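Please look through the sequence and the structure shown below. The paragraphs that follow begin with a single residue and then widen the view.

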Amino acid sequence: MSSKNKKGKGKIHWADVRNFASKVSARRFWNGLQVLGSFYYSKWTGKPVQWGLPITLSFEPTTSCNLRCPECPSGLRSFTRPTGMLKKEFFAETIQELEKSLLYLYFYFQGEPYLNPEFLDMVRYASAKGIYTVTSTNAHYLNAKNARATVESGLDRVIISIDGTTQETYQSYRIGGKLNKVLMGTANLVEAKKELGAKTPHIIFQFLVVRPNEHQIDELYELAEQYGVDEVTLKTAQVYEYEQGNPLIPTIDKYSRYAKQADGSYKIKNKLLNHCWKLWHSCVVTWDGKIVPCCFDKDATHQLGDVTASSFAEAWQGEAYQQFRTKLLKSRKEIDICANCSEGTKVWA
């Protein structure tokens, strides 16, 4: 890798930092302090309390996806929960309740957001509320029209999944995907920003490091520079069958969530301590209104509330949530979705 590309690693992206900071109102700052205080109180005492509302919320635009990635329930079409599209009216009702305290809104859980025809309308609505908005996409639908509409929506950050620098490597995981579409979508977005004189969205290439693509990390930085991408992140991959090894587990240890043992088996590096910041500061709402603890509950098996049946605050402070927090503080390793959790094992570059 050239010295120029090496300098890109670990860089602080001040324009994005300033944009994020501009979203912090006094009300949101105070809510964040309450959430942080309640997390540490709960961690130190073992008694679950929650004094604030979530700082971060993930809202699922859809469960549908055009790709068939092998470690993704959406790609595998393996959900037991219903599939569908988030409706903007329902979305708006939920945001109205949380807008004064909510700082960070992630339009993603499962599926490809751009398949929802109302997706950018919802981004526009949240952006108008001064909430920092983010999405993650495979970029296959970022044609010139959608790219321009994305910039005009006020989206603050877009994460583009690009897991290979050649078609052969890319399609080994992103099954059914076309790398040229990803690159064209990226180019369209960069061009739309230039045409509109916009500073957002902050564009990120996210590289899920697996064994078939780990040799292309240096090439990724060169590709990002070529296309005018703002940032590159390297992400560790979750695999479901890892105990006896898996062909997706990288050979470069720092990019693996799993450690090889003396007997040849693997175990997750996470020590699964009995606390989790995610459960206090964030949650996920599925397209049909189910509240689940985090992004590891992909099939929504731990439903802690339903915003179609009650207010968000009632669910957030409700019995189901408190029981789940209590269980986590007592023995996190007994919760199935925690068993393959990456909290504390991610790699950022």
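**A buried ring and its surroundings**

F91 is buried, with a relative accessible area of 0%; buried means under 20% relative accessible area, exposed over 50% and partly exposed in between, with a 1.4 Å probe and protein chains only. This is a predicted model, in which local features need pLDDT of at least 70 and side-chain atom pairs count only at pLDDT 80 or more, whereas totals for chains, interfaces and linings use all residues. Residues are numbered from 1 along each chain as its sequence is written, and side-chain values use heavy atoms, with hydrogens and water left out.

Helix α5 spans residues 88-98, and its buried residues are F90, F91, A92, T94, I95 and L98. Helices (H or I, at least four residues) and strands (E, at least two) are DSSP runs, numbered from the N terminus.

The aromatic rings come next. A pair of aromatic rings is described by the distance of the centres and the angle of the planes. Rings of Phe, Tyr and Trp (its six-membered ring) pair if their centres lie within 6.5 Å; planes under 30 degrees apart count as stacked, over 60 as edge-to-face and the rest as tilted. The whole structure contains 17 aromatic pairs. One of them joins F91 and F107, a tilted pair with 5.4 Å centre to centre and 40 degrees between the planes. Because F91 lies in helix α5 and F107 in strand β2, this pair ties together parts that are 16 residues apart in sequence. Like F91, F107 is buried.

F91 also pairs with Y125: the ring centres are 6.4 Å apart and the planes stand at 70 degrees, so this pair is edge-to-face. Since Y125 belongs to helix α6 and F91 to helix α5, the pair ties together parts that are 34 residues apart in sequence. Y125 counts as partly exposed, at 24% relative accessibility. Ring pairs link F91, F107 and Y125 with F59, F90, Y114 and F119 into a cluster.

Elsewhere, R325 lies over the face of two rings: W280, at 5.9 Å from the ring centre, and W316, at 4.9 Å from the ring centre. A charge sits over a ring if NZ of Lys or CZ of Arg is within 6 Å of the ring centre and within 35 degrees of the ring normal.

Finally, the chain as a whole: the protein chain has 13 helices and 11 strands, and 55% of its 349 residues count as buried.
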